[in-house]
Amino acid sequence: MGMFLNSGTPALNYREIAADPFFVDKTKLLEELLPFVNRINKYLCFTRPRRFGKSVMANMVATYFGKTSHSRELFDELDIASWDGYPEHLNQYDVIYVDFSRVPKERGDYQLYIKRVEDGISQDLGEAFPELNVRGDMALWDILEQSGKKFIFVLDEWDAVFHMRFMTQADKDDYLLFLKNLLKDKPYVALAYMTGVLPIAKYSSGSELNMFAEFNIMEHERFSNYFGFSDEEVDALFHIYLEQTKSPRITREELRIWYDGYYAATGKRLYNPRSIVSALSLGELASYWTSSGPYDEIFYYIKENAAQVRDDIALMVAGERIPSKAREYAATAQELETKDQIYSAMVVYGLLTYYEGEVFIPNKELMDKFNDLLLEKKEMGYVHQLAGKSRAMLQATLAGDTDTMAEIMDFAHNTESPILQYNSEVELAAVVNLTYLAARDDYRVVREEKAGKGFADFLFYPYKPDRDCVALELKVNALPEEAILQIRQKGYALNFTKDARYTGRILLVGIGYDTKSKSHQCRVEVL
């Protein structure tokens with residue numbers, strides 16, 4: 001058993017995952033892969049956002065095909081066992097498994113990085129097949145071809161090296177040439193199963209890897225069911241959570257709010273698998289998206305064009321969808337210069353989602369990160385300034401300080417942005433979201449919520465039920481008293497009064513804007 005050839009690592013990893021109570025069986029993917037084995041179209045690349053199950057699937061593929069896995073007792077209990085062709089390929093192949101996100105002990109050099117892979121595979125081949133007489137001056141592909149054998153290659157996170165600091169452009173070119181020499185038109189390749197985040201075209205404009213068929217989250221329906229969790233799968237996991245938890249703290253609706261909202265090319269909604277499993281395992285709703293700073297990753301993609309995208313981001317934080325040609329770009333541009341290129345990259349990385357020609361923020365987990373971006377980054381200009389006043393706006397509202405509320409609303413409207421000129425309800429919503437952005441730390445803020453006899457402009461549901469609830473209505477060329485009257489007459493506060501959990505006050509907030517005087521008036525009443 002070698003480090004790369006017939007390694008035991010994928011099987012150990014997959015067995016651990018399969019033993020988890022929140023395991024989702026995706027083994028039917030194997031049935032769809034088998035027709036590609038030993039065929040001309042045997043090169044497959046799956047690009048998905050991080051934490052969408054790529055490595056889990058790579059471990060599964062290596063475990064099923066690998067000779068040394070001895071995994072019949074594992075797969076006999078899984079969905080793939082129901083397929084007639086299941087036993088034929090089980091543990092029948094020499095598998096070369098490489099996780100390209102791993103680096104050698106001595107960091108800082110591409111040559112050391114790739115030498116670890118080349119020498120490791122060569123050494124494994126020499127030990128597994130002594131008759132090959134492997135010499136140190138032999139190219140890896142020559143050794144493989146000399147063997148006369150067939151291999152399945154499972155290459156996980158193939159593009160990870162492009163994000164490593166030591167890589168120069170020459171190194172990147174050499175790496176693409178390495179993969180071409182290793183895989184392209186080689187008789188020893190039975191199947192090449194490769195995963196990454198960004199598509200091959202992002203890195204290769206030539207023919208180095210043009211033998212691969214790529215399947216990404218935005219454009220390809222095939223294989224889309226195997227990455228991400230469906231509603232039905234999350235339902236089943238939540239049932240397990242309820243059975244195993246003495247005092248459940250998470251509701252099914254909260255899982256949807258926090259982690260749903262991605263779309264496959266089929267139009268099917270998807271949940272982030274890593275976040276769902278983490279939340280149910282730990283019994284806590286939180287952001288499991290990244291271990292880096294709360295907003296740094298998002299800012300990386302927009303920092304050179306913050307002024308160009310900040311209006312769109314303000315609208316997306318308000319819950320709106322932005323028309324975009326992101327699908328057409330598919331993040332293949334080397335430089336992110338236009339909004340469509342920026343949004344395309346953010347969709348591919350899972351920071352936004354894309355559906356029917358529009359991009360938007362998928363769920364609360366990501367929305368919280370966009371909130372942090374607006375609150376913390378001065379480069380976001382007026383959006384950052386308004387977000388910075390949002391803590392004072394919430395405090396003034398809870399205290400009934402209507403003068404301060406009106407002052408902050410006037411400040412918002414006097415900025416030089418078209419979205420703050422009150423030409424549509426969308427712009428009104430953007431203003432409220434910005435001026436109450438900090439409220440999201442303590443409240444689930446919902447726009448156009450069904451309540452009573454209509455739809456409330458905004459309802460603020462407190463995370464701690466003893467805190468005040470807020471029903472807010474904003475009107476143009478009307479007094480704030482009229483807004484509050486509408487809240488009362490249409491029963492917008494019923495969503496709070498009918499829920500016994502809420503024990504704090506219920507505040508009715510009316511905000512009126514006069515287009516002639518260009519000023520706001522505010523009123524706060526207790527129900």
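How many helices and strands does the protein have? The protein has 22 helices and 15 strands, where helices (H or I, at least four residues) and strands (E, at least two) are DSSP runs numbered from the N terminus.

## Basis of the model

This is a predicted model, in which local features need pLDDT of at least 70, side-chain atom pairs count only at pLDDT 80 or more, and totals for chains, interfaces and linings use all residues. Residues are numbered from 1 along each chain as its sequence is written, and side-chain values use heavy atoms, with hydrogens and water left out.

## Overall dimensions and surface

Along the principal axes, the C-alpha atoms fill a box of roughly 90 × 50 × 40 Å. Of the 527 residues in the protein, 57% are buried (under 20% relative accessible area, with a 1.4 Å probe and protein chains only; exposed means over 50%, and partly exposed lies in between). The accessible surface comes to about 23100 Å², and carbon and sulfur atoms contribute 47% of it; such areas come from the Shrake-Rupley method with a 1.4 Å probe.

Among contacts (heavy atoms within 4.5 Å) with a separation of 6 or more, 70% are between residues 24 or more positions apart.

## Aromatic pairs

The structure holds 32 aromatic pairs. Rings of Phe, Tyr and Trp (its six-membered ring) pair if their centres lie within 6.5 Å; planes under 30 degrees apart count as stacked, over 60 as edge-to-face and the rest as tilted. One of the pairs joins Phe153 and Tyr188 in a tilted arrangement, 6.1 Å centre to centre with 45° between the planes. Phe153 belongs to strand β3 (residues 151-156), whereas Tyr188 is in the loop between α8 (169-183) and β4 (189-196), so the pair links distant parts of the chain, 35 residues apart. Phe153 is buried at a relative accessible area of 1%, and Tyr188 is buried at 1% relative accessibility.

Tyr461 and Phe496 form an edge-to-face pair, with 5.2 Å centre to centre and 65° between the planes. Because Tyr461 lies in strand β12 (residues 454-462) and Phe496 in helix α22 (residues 494-497), this pair ties together parts that are 35 residues apart in sequence. Tyr461 is buried at 6% relative accessibility, and Phe496 is buried with a relative accessible area of 1%.

One aromatic cluster is formed by Tyr14, Phe23, Tyr64, Phe65, Phe75, Tyr86 and Tyr93.

## Charges over rings

A charge sits over a ring if NZ of Lys or CZ of Arg is within 6 Å of the ring centre and within 35 degrees of the ring normal. The charged end of Arg321 sits over the ring of Phe360, 3.8 Å from its centre.
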